[in-house]
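Reader: I have a structure open and a few things to ask about it. Can we go through it piece by piece?

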Number of protein chains: 2
Amino acid sequence: MENLDQTDKTILRILQNDSKKTAKEIASMLNLTVSPVYERIRRLENQGFIKKYVAILDKMRIGKAVTVMCQVSMRYHNEAFIDEFEEQIQDLQEVQECYHAVGQVDFILKIHVGSLEEYHEFLRYKLSKIKNIGVLNSIFLIKEIKQTSEYYI
Amino acid sequence: MENLDQTDKTILRILQNDSKKTAKEIASMLNLTVSPVYERIRRLENQGFIKKYVAILDKMRIGKAVTVMCQVSMRYHNEAFIDEFEEQIQDLQEVQECYHAVGQVDFILKIHVGSLEEYHEFLRYKLSKIKNIGVLNSIFLIKEIKQTSEYYI
DNA sequence: TTTTTTACTAAAGGTGATTGTGCAAACGTT
DNA sequence: AACGTTTGCACAATCACCTTTAGTAAAAAA
């Protein structure tokens, strides 16, 4: 019940790369009929293996030419400040990802903006407004070597 | 032709969060009928704004409990070594993302594995096998504050 | 004004999603 | 070995939506 067999894994691999594939197409790739494939997909959804289906946009096409990994360290590490930081990050549209890290930095943020000017404004008028930020370190990503949402299973 | 109007942007925002939404549902959200919505979606696909549709898995559910940002600097910065690195990264299943950076480090990798043990093996038997790697710095991500594939448009 | 473009509504045919039934193989138990 | 249970699959039928086409209206350009 809990485990994924090889067929499940193959279905997940296919859907991670193209969720528009029909149950029919997947079935013929697996030498099955539609219904077992359909049932498996529904089970994978209901059991939470598949979290959601999304469209992936071309970031250059929509004018997000600049990607930055922003490393943030807090000045003081008390719970209230941390909570406040995490809350405020949610509302920043430029922040696509934010993680609490362990090591040299406290947080790592992935930022998408249209230009260096926009990034400057993001830093100056949004990120810097959050209290208690100590060190702030920007690493600009100038080329995508590999970029996927797929997990290997 | 080239630009996105407000309707396009709303459609893209909806599809970035749930690509299973039907044209019918989107149409009713926008107070439109089905065909203009459908035509716009097809146009957004054909013009490359929408790159693909994917299923997003729950990484904990599929046993990828450990996420690491791995910062790599090369020993020598000649083109051949760089190209070789970029090629070999493609084949590493644990690497979900890899970017060429500018600043203190040369590359940033996002790694997903099931355990610290697995990460150790990844470093030892896969990443370290790549020639010319100098500094290698692992930052463990212990909590997702924000995690999406959506671009704000 | 005329032409062209753009975005829309409406309707219809094709296709896939969805569901139910039944079969067959595998497994566990007696 | 025989029986019951479970699991996974095939088949078929219905339903909903996708997809396309044709036609209309409004706005922009000539």
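Author: Start with the two protein chains, and bear in mind that this is a predicted model. About 6700 Å² is buried between chain A and chain B, and carbon and sulfur atoms give 54% of that area.

Reader: Which residues of chain A lose the most area to chain B?

Author: Those are A:Ile145, A:Lys146 and A:Tyr151, which together make up 13% of what the chain A side buries.

Reader: And how many residues does the contact take from each chain?

Author: Chain A puts in 61 residues and chain B 62 residues.

Reader: How many salt bridges and polar contacts go across?

Author: The rule finds four salt bridges across the interface of chain A and chain B. It also finds 55 residue pairs in polar contact there, with both residues at pLDDT 80 or more.

Reader: You mentioned strand 5 of chain A. Which strand of chain B does it pair with, and in what sense?

Author: Strand 5 of chain A pairs with strand 3 (residues 95-102) of chain B in the antiparallel sense, over six bridges. Within that strand of chain B, B:Tyr99 stands opposite A:Glu144.

Reader: Which side chain does A:Glu144 meet in a salt bridge?

Author: A:Lys59, at 2.8 Å from N to O. A:Lys59 lies in the loop between strand 1 and strand 2 of chain A while A:Glu144 is in strand 5 of chain A, so the pair ties together parts that are 85 residues apart in sequence.

Reader: How many salt bridges over all chains?

Author: A search of the whole structure finds 18.

Reader: Which helix gives the most?

Author: Helix 3 of chain A, with four residues. Helix 2 (23-29) of chain A and helix 3 (34-46) of chain B also supply at least two residues each.

Reader: What part of DNA strand C is within 4 Å of the protein, sugar or phosphate versus bases?

Author: Of the DNA strand C atoms within 4 Å of the protein, 72% belong to sugar or phosphate, and the rest to bases. On the phosphate side, a polar side-chain atom of A:Lys24 lies 3.0 Å from a phosphate oxygen, and an N or O atom in the side chain of A:Arg42 is 3.2 Å from one. For the bases, a polar side-chain atom of B:Ser35 lies 3.0 Å from a base nitrogen.

Reader: Now DNA strand D. Which residues surround that one?

Author: Chain A contributes A:Leu32, A:Thr33, A:Ser35, A:Pro36 and A:Arg40, and chain B contributes B:Thr22, B:Ala23, B:Lys24, B:Val34, B:Tyr38 and B:Arg42. Five are nonpolar, three polar and three charged.

Reader: And which side chains have polar atoms by its phosphate oxygens or base nitrogens?

Author: A polar side-chain atom of B:Lys24 lies 3.1 Å from a phosphate oxygen of DNA strand D, and one of B:Arg42 also lies 3.1 Å from a phosphate oxygen. A:Ser35 has a polar side-chain atom 2.6 Å from a base nitrogen of DNA strand D.

Definitions and conventions: Residues are numbered from 1 along each chain as its sequence is written. Chains are lettered from A and ligands numbered from 1 in the order in which they are written. This is a predicted model: local features need pLDDT of at least 70, side-chain atom pairs count only at pLDDT 80 or more; totals for chains, interfaces and linings use all residues. Side-chain values use heavy atoms; hydrogens and water are left out. A residue is near a molecule or strand if one of its heavy atoms lies within 4 Å of it. A polar contact is a pair of N or O atoms within 3.5 Å; within protein, one must be able to donate a hydrogen and the other to accept it, and residues adjacent in sequence count only if both atoms are side-chain atoms. Contact means heavy atoms within 4.5 Å. Buried area is the accessible area (1.4 Å probe) that two parts lose on being put together, summed over both. Two strands pair if DSSP finds at least two bridges between them. Ala, Val, Leu, Ile, Met, Phe, Trp, Tyr, Cys and Pro count as nonpolar, Asp, Glu, Lys and Arg as charged, and the others, Gly among them, as polar.
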